[in-house]
Amino acid sequence: MVHKILVIRFRRIGDSVLATALCRSLKESFPQAEIHFIINENISPLYLNHPDIDKVITFSDKENHGFNYIKKVWNIVHETDYDVIIDMRSTIKTLPFSLFSLHTKYRIGRYKKYNALLHNYRIKDLPEDDRVENNLKLMSPLSKEGELKLNTNFRLYVTNEEKAKYRRYMEAQGIDFKKPVILCAVTARLAYKVWPYDRMTRILKNIIHEFDAQLVFNYAGDAETKAAQDIWEKLDKDPHIFLNIQANGLRELCALTCNSTFFFGNEGGPRHIAQAFEIPSFAIYPPNISKQFWLPGNDPRFKGISPDDYMPEEQQKGMEYATRFDLIPESDVWTQLNEMLKQYLHAAT
């Protein structure tokens with residue numbers, strides 16, 4: 001019997017959101033089991049009261065290094081007798097979870113040259129599969145314990161009260177929910193992932209003109225704030241654009257997403273959050289970020305565009321990064337986005 005499962009998924013928002021499909025599949029396959037989920041402290045609010053996760057274990061920045069890290073790992077695996085450890089990262093840094101728990105029957109990791117002695121089950125990623133599909137393959141050794149129910153749908157939760165409270169805030173800031181609300185990631189935390197601002201500005205102008213939609217810019221930090229303000233000014237401070245709606249923390253970002261009709265913008269964690277709440281989305285993927293890998297499933301509600309759609313990645317080697325980004329025609333962004341907006345904005349109003 002499987003009673004206790006430890007899932008290790010450090011790093012950023014997008015990775016952890018996609019990992020919830022694994023937690024969901026584990027819970028559906030072994031409903032009697034407790035699922036413990038290890039993540040970075042700063043993203044833990046996303047998983048408050050998540051029905052597929054029984055316990056969230058966090059590491060702060062201070063705990064994520066040196067002796068503090070080793071001590072905490074030791075305490076975690078000795079305080080709970082885990083039947084299964086699934087090391088989703090399988091890095092040198094995450095190996096101590098298995099090293100300190102060699103009695104655990106299933107110590108599962110990704111196939112790496114250095115983890116043969118510590119992970120007794122190593123699963124190879126397949127390049128043709130997306131991130132969620134590869135994550136779910138980590139469950140395969142557990143077929144010895146019973147029928148596996150693999151669910152590729154990842155999900156997040158906010159309460160009705162959280163959603164209603166944020167909706168009232170949006171209304172107080174001027175949002176009219178009789179009209180479409182588009183959450184726009186016009187910039188990004190990592191500058192190299194940002195589609196050129198002049199092109200983004202023209203697309204936003206088209207959206208306003210064609211759909212009379214309200215655009216809520218999602219941004220954080222000084223650099224992103226400046227970029228968002230620059231776009232707003234280039235669009236003559238159009239009243240359709242809302243810079244005054246702020247999400248103070250990840251719970252409010254989830255509530256904002258739930259109260260939106262559509263997501264558009266640069267690929268990243270907010271896009272994964274949108275899909276987790278089943279909000280239709282269209283994202284722009286930069287070079288080196290595989291759309292095939294990072295856009296799970298084949299659902300028409302969630303689409304994107306990538307340089308790889310126009311030239312195989314292998315042929316892009318040696319090209320300048322900006323030249324690769326330029327492979328995406330602005331006209332195609334608008335054509336594909338326009339088609340989705342016609343379908344999903346009209347359906348929502």
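The answer below begins with the pocket and then turns to the sheets and loops.

A: The structure is a predicted model, in which local features need pLDDT of at least 70 and side-chain atom pairs count only at pLDDT 80 or more, while totals for chains, interfaces and linings use all residues. Residues are numbered from 1 along each chain as its sequence is written, and side-chain values use heavy atoms, with hydrogens and water left out.

The largest pocket holds about 1200 Å³ of space. A pocket here is an open set of points, on a 1 Å grid over the protein atoms alone, where a 1.4 Å probe fits and protein lies on both sides within 12 Å along at least five of seven lines; lining residues have an atom within 4 Å of a point. Grid points are joined across faces, edges and corners, and the volume is the space filled by probe spheres set on the points. The lining comprises 44 residues, and those nearest the centre of the pocket are Arg 12, Ile 13, Arg 189, Gly 269 and Pro 270. Helices H1, H8 (250–258), H9 (269–276) and H10 (291–294) are the elements that contribute two or more residues to this lining. Helices (H or I, at least four residues) and strands (E, at least two) are DSSP runs, numbered from the N terminus. The lining divides into 19 nonpolar, 13 polar and twelve charged residues, where Ala, Val, Leu, Ile, Met, Phe, Trp, Tyr, Cys and Pro count as nonpolar, Asp, Glu, Lys and Arg as charged, and the others, Gly among them, as polar.

For comparison, the second largest pocket holds about 300 Å³. Its lining has 18 residues, with Asn 153, Phe 154, Gln 275, Glu 278 and Arg 301 nearest the centre. By class, that lining has six nonpolar, five polar and seven charged residues.

H1 (residues 13–29) lies across strands E1, E2 and E4 (84–87) and runs at about 170° to E2; contact means heavy atoms within 4.5 Å, and angles run from 0 to 180 degrees between the N-to-C directions of axes, which are lines fitted to C-alpha atoms, for helices over the stretch in contact. Helix H2 (residues 66–79) lies across E1, E2 and E3, at about 165° to E3.

The sheet in question is open and has six strands in the order E3-E2-E1-E4-E5-E6, paired in parallel. Its edges are E3 (55–59) and E6 (121–123), each with a single partner strand, so one side of each has no neighbour in the sheet. On average, neighbouring strands are turned by 20° against each other, direction ignored. Two strands pair if DSSP finds at least two bridges between them. E1 (residues 4–8) and E2 (residues 34–40) are joined by five bridges, with Val 7 opposite Phe 37 in E2. E4 and E5 share four bridges, and Asp 87 faces Gly 109 in E5. Five of the five residues in E5 (residues 106–110) are buried, that is, under 20% relative accessible area, as against exposed at over 50% and partly exposed in between (1.4 Å probe, protein chains only). Three bridges tie E5 to E6, where Arg 110 is partnered by Ile 123.

A further open sheet has six parallel strands in the order E9-E8-E7-E10-E11-E12. E9 and E12 (302–305) form its edges with a single partner strand each, so one side of each is left without a neighbour in the sheet. E7 pairs with E10 over four bridges, and Ile 182 stands opposite Phe 262 in E10. Four bridges likewise link E10 (residues 262–266) to E11, with Phe 264 and Phe 282 as bridge partners. In a regular strand the side chains alternate between the two faces of the sheet. In E11 (residues 281–284), Ser 281 and Ala 283 point one way, Phe 282 and Ile 284 the other, and all are buried.

The loops remain. Ala 191, in the loop between E7 (181–185) and H6, is exposed at 66% relative accessible area. Asp 212 lies between H6 (197–211) and E8 (214–217) and is partly exposed at 33%. Lys 237 lies between H7 (221–234) and E9 (241–242) and is partly exposed at 49%.
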